[in-house]
Amino acid sequence: MGQAGPVARSNPGPPTGGDLPSPRPWPRPQGRRGPGRPRSAEAHAAILAATLDLLIEQGFNGLTMESVAARAGVGKATVYRRWPSKIPLLVEALRAAGPERVAVPASGSLESDLRQLLIDLMAALSGPDSVLRPLVTEAWREPSLGEAFRQELVQRRRAVVSQILQAGQKRGELRADLDLETAVDAVVAVVYYRLLVSGAPLGADLARCLVDQLLRGIGANR
């Protein structure tokens with residue numbers, strides 16, 4: 001018999017120009033697994049880690065309580081005793097994983113920092129291990145999932161964008177009267193539009209074009 005091929009991912013993501021770096025791996029809830037079925041605390045961590053792994057592999061619609069139990073090596077009853085459905089399970093898995101590792105570019109140049117930020121964001125959205133991608137289209141349908149998505153993912157990234165813009169403003173690279181909240185939205189809006197609506201490619205060329213056009217509007221000397 002031939003060897004089985006790789007597992008097909010249900011959500012391959014947007015096309016890229018092949019010039020995006022590998023995204024940082026998403027943190028997993030920690031739990032040590034010994035032989036046999038895990039004990040209570042270990043089972044809890046194993047279930048949460050399995051939830052994120054299956055979300056990445058199968059997408060939101062393919063994630064089931066049964067598949068989580070099988071991946072974690074526990075019985076279905078163990079999962080259902082803790083969570084009545086996959087929504088509260090997924091919310092806890094996101095929060096238990098800990099902060100996403102969002103790097104803050106600090107080259108001293110606003111143009112360079114914004115470009116790197118966008119490249120990192122596009123890599124995180126289009127990478128094969130993206131947690132962002134399968135959630136971004138589902139978060140608005142479920143209020144509790146949407147709240148966790150915004151707190152654990154969106155707000156951290158917005159804070160990084162705001163930090164970069166404020167640093168540029170202090171260096172005199174941005175207009176003093178800039179509305180920072182609107183500018184933060186403008187930095188990432190095209191990326192999410194391409195991801196969710198147009199399906200156009202993401203890549204370093206897009207990052208360069210976006211930053212150039214954005215700074216023409218909000219830059220201090222443009």
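These legends go through a few close-up views of one predicted model.

The model is predicted, so local features need pLDDT of at least 70 and side-chain atom pairs count only at pLDDT 80 or more, while totals for chains, interfaces and linings use all residues. Residues are numbered from 1 along each chain as its sequence is written, and side-chain values use heavy atoms, with hydrogens and water left out.

Figure 1. From the N terminus on, the elements run α-α-α-α-α-α-α-α-α. Helices (H or I, at least four residues) and strands (E, at least two) are DSSP runs, numbered from the N terminus. Of the 222 residues, 45% count as buried; buried means under 20% relative accessible area, exposed means over 50%, and partly exposed is in between (1.4 Å probe, protein chains only). Take the contacts (heavy atoms within 4.5 Å) with a separation of 6 or more: residues 24 or more positions apart account for 72% of them.

**Figure 2. The largest nonpolar core has 64 residues.** Such a core is a set of buried Ala, Val, Leu, Ile, Met, Phe, Trp, Tyr and Cys residues joined through side-chain atoms within 4.5 Å. Look for Leu114, Leu135, Leu165 and Val187, which touch the most other members. Two or more residues each come from helices H1 (40-62), H2 (65-72), H4 (86-96), H5, H6 (132-136), H7, H8 and H9 (204-218). H1 gives the largest share, 10 residues.

**Figure 3. The second largest pocket holds about 200 Å³ of space.** On a 1 Å grid over the protein atoms alone, a pocket is an open set of points where a 1.4 Å probe fits, with protein on both sides within 12 Å along at least five of seven lines; lining residues have an atom within 4 Å of a point. Grid points are joined across faces, edges and corners, and the volume is the space filled by probe spheres set on them. Of the 14 lining residues, Val154, Arg157, Arg158, Val188 and Tyr192 are the closest to the centre. Helices H5 (110-126), H7 (143-170) and H8 (180-198) give two or more residues each, and H7 gives the most, with six.

**Figure 4. Alanine 176 sits in the loop between H7 and H8.** Alanine 176 counts as exposed because its relative accessible area is 77%. The C-alpha atoms of alanine 176 and alanine 220 are separated by 7.8 Å, with the two residues 44 apart along the chain.
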